Amino acid sequence: MAAVEVTEGSVKVGMCGQPLFYRQALPPSGEARLCVLLLHGIRFSSENWLQIGTLGALAAAGFRAVALDLPGLGQSKAAEAPAPVGELAPGEFLMQVCEGLQTGPVVVISPSLSGMYSLPFLFQHTQQVKAYIPVAPICTDKFTAEQYSGVQVPTLIVYGDQDTQVGEVSLRNLSHLPNQKVVVMKGAGHPCYLDDPGTWHKSILDFLQTLL
């Protein structure tokens, strides 16, 4: 099997054209079946997806994998976050990222802090979201059961069974999404993908296969 190469780049977002850093891995064949957009939590960056092999695993399975450093974090520290509405960033932000990277409809992987970006995006630009993989994201309580029930996007809810705070709260709220499955990672904490990368990769790859 050909080796997967991970490249680095930047995409300009917003009226000021602020550059955001990203890492990308493409399938060895060069033909991607879908694009997976990986976000991250407040203590992390795209580097985590590189270190635990998620970028490589996705590309090897035939997907275009793009891991973004969110504004003010990782190698996007100089970029300013979009003006929040309450605790939520505008959903237009991720739409501009997708347009800048020419992703087409994306599968969004969204842990922890990145919920403030991915949830508005999910509700405001549903047509741009091929599927949603929330990993104990914040801000799930900012939307109503009725709002969730109106979103038909295929969803894989992932959380660690040791994450008794954000994990359980997000599960309770996200369970209102009608087209969802749940993976509980045993013995794993809030960043459950770091605790058990093997189970994490199998779970997301199995789910992605159902979208094809």
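These are my notebook entries on one predicted protein model.

**Ground rules**

I number residues from 1 along each chain as its sequence is written. Because the model is predicted, local features need pLDDT of at least 70 and side-chain atom pairs count only at pLDDT 80 or more, while totals for chains, interfaces and linings use all residues; side-chain values use heavy atoms, with hydrogens and water left out.

**Entry 1: the whole chain**

I looked up the secondary structure and found 8 helices and 8 strands. I noted the span of the C-alpha trace along its principal axes as about 40 × 40 × 30 Å.

Next I looked up burial. Buried means under 20% relative accessible area, exposed over 50%, and partly exposed in between, with a 1.4 Å probe and protein chains only. Of the 212 residues, 53% count as buried. The accessible surface (Shrake-Rupley method, 1.4 Å probe) is about 9,300 Å², and carbon and sulfur atoms hold 51% of that.

For contacts I used heavy atoms within 4.5 Å. Among contacts with a separation of 6 or more, 71% join residues 24 or more positions apart.

**Entry 2: the UniProt record**

The unreviewed UniProt entry places "domain: AB hydrolase-1" at residues 36-119; such annotations may be inferred rather than shown by experiment. In the model, I found the end C-alpha atoms of this span 16 Å apart, with 33% helix and 17% strand between them.

**Entry 3: helices α3 and α4**

I went to α3, residues 92-101, where F93, L94, M95, V97, C98 and L101 are buried. Their cover includes the strands β1 (6-13), β2 (18-25), β3 (35-38), β4 (64-68) and β5 (106-111), as well as helix α4 (115-124).

In α4, 8 of the 10 residues are buried, so I put the helix down as mostly covered. The buried residues are G115, M116, Y117, S118, L119, P120, F121 and L122. Among what covers them are α3 and β5, together with β6 (129-135), α5 (145-149) and α6 (166-174).

**Entry 4: two positive phi values**

Q102 follows α3 and sits in the loop between α3 and β5. Its phi is positive, about 50°, although Q102 is not a glycine. Q102 counts as exposed, at 69% relative accessibility.

S112, in the loop between β5 and α4, is another residue other than glycine with a positive phi, here near 45°. S112 counts as buried, at 13% relative accessibility.

**Entry 5: D69**

I found D69 in the loop between β4 and α3. D69 is buried, with a relative accessible area of 1%. L39 is 30 residues away along the chain, yet the C-alpha atoms of D69 and L39 are separated by 7.2 Å. I then listed the contacts of D69, leaving aside neighbours within four places in sequence: L20, F21, H40, S45, S46, G74, Q75 and S76.

Definitions and conventions: Helix = DSSP H or I, 4+ residues; strand = E, 2+ residues; numbered from the N terminus.
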